[in-house]
Amino acid sequence: MTIAALALSAGTVPTQAQPTEPVRNIVLVHGAFADGSSWSKVIPILQAKGYNVTAVQNPLTSLADDVAATNRALALQKGPVILVGHSWPAR
């Protein structure tokens, strides 16, 4: 969480390829034993920098269900997205 905030505050975000338009969307995915509110301190920082921020609320019922929830959130974004995830344990 802190690394993402620090990278964005410094204006550098590691990427593999340059998008054709600037990245304005960030999708945050929480890990197990947490929920979307675990990003509550990071979201306003990113929003203040002009990013559209979405925190996925994973159901934590299965990996497939969590992936489906994340994919739904990604499908709603307009333009390039930075996807930030927190740990998901093997069960």
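Let's start inside: the largest nonpolar core has 11 residues, namely Val23, Ile26, Leu28, Trp39, Val42, Ile43, Leu46, Tyr51, Val53, Ile82 and Val84. A nonpolar core here is a set of buried Ala, Val, Leu, Ile, Met, Phe, Trp, Tyr and Cys residues joined through side-chain atoms within 4.5 Å; buried means under 20% relative accessible area, exposed over 50%, and partly exposed in between (1.4 Å probe, protein chains only). Two or more residues come from each of strand E1 (25-29), helix H2 (42-48) and strand E3 (81-85). H2 is the top contributor, with 3 residues. Apart from this core lies another one of 5 residues, including Val27, Val29, Ala69 and Ala73. In soluble globular proteins, nonpolar side chains tend to be buried together.

A word on the model: it is predicted, with local features needing pLDDT of at least 70 and side-chain atom pairs pLDDT 80 or more, while totals for chains, interfaces and linings use all residues. Residues are numbered from 1 along each chain as its sequence is written, and side-chain values use heavy atoms, leaving out hydrogens and water.

Stepping back, the chain has 3 helices and 3 strands, running α-β-α-β-α-β along the sequence. Those are DSSP runs numbered from the N terminus: helices are H or I, at least four residues, and strands E, at least two. Of the chain's 91 residues, 30% count as buried.

Leu60 sits between strand E2 (52-56) and helix H3 (63-75), and its phi is near 60°, a positive value in a residue other than glycine. Leu60 counts as partly exposed because its relative accessibility is 23%.
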